[in-house]
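The sequence and the structure are shown first.

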Amino acid sequence: MAKILGIDLGTTNSAVAIVEGGSPRVIENKEGARTTPSVVAVSKANERLVGLLAKRQAVTNPKGTIFSAKRLIGRKFSDAEVQRDKTLLPYNIRESANGGVEIEIGGKWQRPEEISAMVLQKLKADAEEKLGEKITDAIITVPAYFDDSQRKATKDAGEIAGLNVKRILNEPTAAALAYGFNKKKDEKIVVYDFGGGTFDVSVLEIAQDTIEVKATGGDTHLGGDDFDQKIIEWIVAEYKKQSGIDVSKDTMALQRLKEAAEKAKHELSSTVEHEVNIPFITSDASGPQHLLLKLSRAKLEELIGSYIDKSIEITKQVVKDAGFQIGDINEVVLVGGQTRMPAIVEAVKKLFGKEPNKTINPDEVVADGAAVQAGILQGDVKDVLLLDVTPLSLGLETLGGVFTRIIEKNTTIPTAKTQVFSTAADSQPSVEVHVLQGEREMAQDNKTLGRFILDGIAPAPRGMPQIEVSFDIDANGILSVKARDKGTGKEQSVRIEASSGLAKDDIERMRQDAATHAEEDKKKRELADVKNLADTLIYTTDKAIRDSGDKIPQNIKDEIDAKKKDLDVALKSENVADIKAKSDAYSASAQKIGEYLYKQDAADKKSEEPRTVEHEEIKDDNKDNEAKG
Amino acid sequence: MSEDEDIEIIDEDAGVTGKITKIRKELEVCRSEKEEYLAGWQRAKADYINAGRTLGERLEDSARVAKTGVLHQFLEIVDSIEQALADPTADSQWATGVRLTYEKCIAMLKQHGVEAIELVDKTFDPRYHEAVDTILADKIEDDHKIAEEFQKGYTISGRVLRPTKVKVYVYNK
């Protein structure tokens, strides 16, 4: 079956995703970008431009470049919104015969849905090129507040673009789908969507198999572009204060400033202070002038604080409109590029008292959700094929009480992993397989799922036997652990039903535990590792002395013995640095064995050298003989 | 036919008929479920194989995106050096050093397939240029010609890395 495209047809930018192997993936456009500006233009040469190219020529052709058609689609010309936008939009719009809106482009009057269709056509064509297959079906998202007429017009836009629109999906619903919240029962979700030009907030309620929009609100003229403008204004004012130069009229300087402002906004999402550094921004009689200002995150938040406050007030109102209390909300989802700002995340977190969902790229989450819906429709994501993950790592206890992971957390199941282990002592007759679950570094801190003993291992030096341990989790989360001695073929196994039977809280607690003890666990693990290393070192050295003791001079043996005593003392002290230092010293002495033996060997070889040469000569003669013969 | 015989016998006993009908129905459901699951399984396997095939492509893509990102940021430094060189007050010996540094930058960019976009016939082309300002033209033949270059544009292996930012003549009479 052909793929169904999930399309986020945005006011400023659009994105496209498909479901592959059960999970959504955004498809890049022809220009290699993951979003496409929702801009259409007809040039003077009557050439139609869509996306980035249309945007690049917008200032040369303000009347022929159509953006924000989404603000007009499916509306009556007499709508207050349209009347307001009419004064803001540089292109011409008029009332159509049926009371709708018409836009002038390239000397023709077209309906907003025809403009949107041009954007959709490009998205479709680029996706087809990228995927190498024809696309006929799509799901298009719209804001939750869109009325029937706006939805119908959006659907028409899809049809004009040659798409069979399988469904018109609410943007917040798509965001919730992208996070898989449709599988939850009776939850209330807030979707906080702060885009480039618009702010939307919606309250959703998930009931049996349906996601219902309970209330929506927002500001159609509030977005990240306002933030950028504030930053630019601040830089211009500060620079003027600092240098007396006004760069607001200098197009070239302003251009660099715009980029710098955008960069500052992005940087301040991860750092607390950013240096706005524009060398040679302009020049005057005194020579070249540079712009160097420090913008702190606190200052930025002060500049745009009122916008965030406004969005929070709207959010509160919408929750109230939905008939809920703030405390009733189970999940909060962040959508839109601006939600990357820590101040926004903090404000939302403060309001709801919980961490908002922001792991999916906020620019792509709506397109992803549309693709998830497409996947459900095309049957890609059948319930039987919804695969779970192991919430915690599974593994076993190894030498020194270390927890060795076999299956890492978040691995999709069913899955199987095999690893080969060995014995820790000479002639060890059996091994204990201690199966554990958790994220801590040491076995004792994790949860025991089961244990068994594999015996009958043939006597052998440590490290020689090969014990193959395999972990297999089926789709129901049932774990089977099997250990097999490759030498004797003997095997032993255990079946654990409850490997994923942990409650969500338990899993979360165990993860938290691992995070809080991370530092201390790391130290414990390090100690176990150096101890194991020292132990191996002692073992191999002892063995070397046993094997060729008579060849090794007594002084080397004595030195090793002394260093070994030091190391033994250090091992008891459990001091990592000390054990490491003593291990190194011991290792350096132990290496003298090899050094001595190889020197001896080389000396022996040296005395044999002339013979080797002779032998080669003889061999050469033979060769000649052979050739002759 | 044995099947017909079966049916005849069953006809005599309504209870058995009911049972068989029920079993037949169950079998039907099992069959369709089997087909559905098999199809899903095949699809998943095909998706996996296909994903593996496109993985190489995607890795190349992401390497390209990462490289493009770094080079794009690097252009900002090149811009500053260009601005420095454009300043006539710079001491000549010092300016020579800066020019040599600039040439090194350009050579490095070139090594990575980055080349400056040359304004050939000065006609505005949104594939390579981004208009940031306009100026009225006196003559119609100047319409959509580039009046001024604000920021140099670059391509990387033929794709636009950064468009040239320009001021464009617009004829409005």
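## Conventions and helix packing

Axes are lines fitted to C-alpha atoms, for helices over the stretch in contact, and angles run from 0 to 180 degrees between N-to-C directions. Helices (H or I, at least four residues) and strands (E, at least two) are DSSP runs, numbered from the N terminus. The model is predicted, with local features requiring pLDDT of at least 70 and side-chain atom pairs counting only at pLDDT 80 or more, whereas totals for chains, interfaces and linings use all residues. Residues are numbered from 1 along each chain as its sequence is written, while chains are lettered from A and ligands numbered from 1 in the order in which they are written.

In chain A, helix H8 (residues 297-321) and helix H9 (residues 342-352) have axes that come within 10 Å and cross at roughly 35 degrees, and the crossing of H8(A) past H9(A) is right-handed, meaning that the near helix is turned clockwise from the far one by less than a right angle. H8(A) contributes Glu301(A), Ile308(A), Ile312(A) and Thr315(A) to the contact, and H9(A) contributes Ala343(A), Ile344(A), Ala347(A) and Leu351(A), where contact requires C-beta atoms, placed from the backbone, to lie within 7 Å. These residues comprise 6 nonpolar, 1 polar and 1 charged (Ala, Val, Leu, Ile, Met, Phe, Trp, Tyr, Cys and Pro count as nonpolar, Asp, Glu, Lys and Arg as charged, and the others, Gly among them, as polar).

## A three-stranded sheet

In chain A, an open sheet of 3 strands has the order E8-E9-E10 with antiparallel pairing, two strands being paired if DSSP finds at least two bridges between them. Strands E8 (93-95) and E10 (108-110) of chain A are at the edges and have a single partner strand each, so one side of each lacks a neighbour in the sheet. On average, and with direction ignored, neighbouring strands of this sheet are turned by 35 degrees against each other.

E8(A) pairs with strand E9 (residues 101-105) of chain A over 3 bridges, and Glu95(A) stands opposite Val101(A) in E9(A). Helix H3 (residues 112-131) of chain A lies across E9 and E10 of chain A, at about 55 degrees to E9(A).

## A hairpin

Strands E19 (residues 394-398) and E20 (residues 402-407) of chain A run antiparallel and are joined by 5 bridges, with Thr398(A) opposite Val402(A) in E20(A). The hairpin formed by E19(A) and E20(A) has 3 residues between the strands, and Gly400(A) in the turn has a positive phi of about 85 degrees.

## Contact between chains

The contact takes 21 residues from chain A and 29 residues from chain B. On the side of chain A that touches chain B, at least two residues each come from helix H1 (52-56), helix H7 (251-267), strand E16 (273-284) and strand E17 (287-296) of chain A. The residues on that side of chain A divide into 9 nonpolar, 8 polar and 4 charged.

Technical notes: Contact = placed C-beta atoms within 7 Å.
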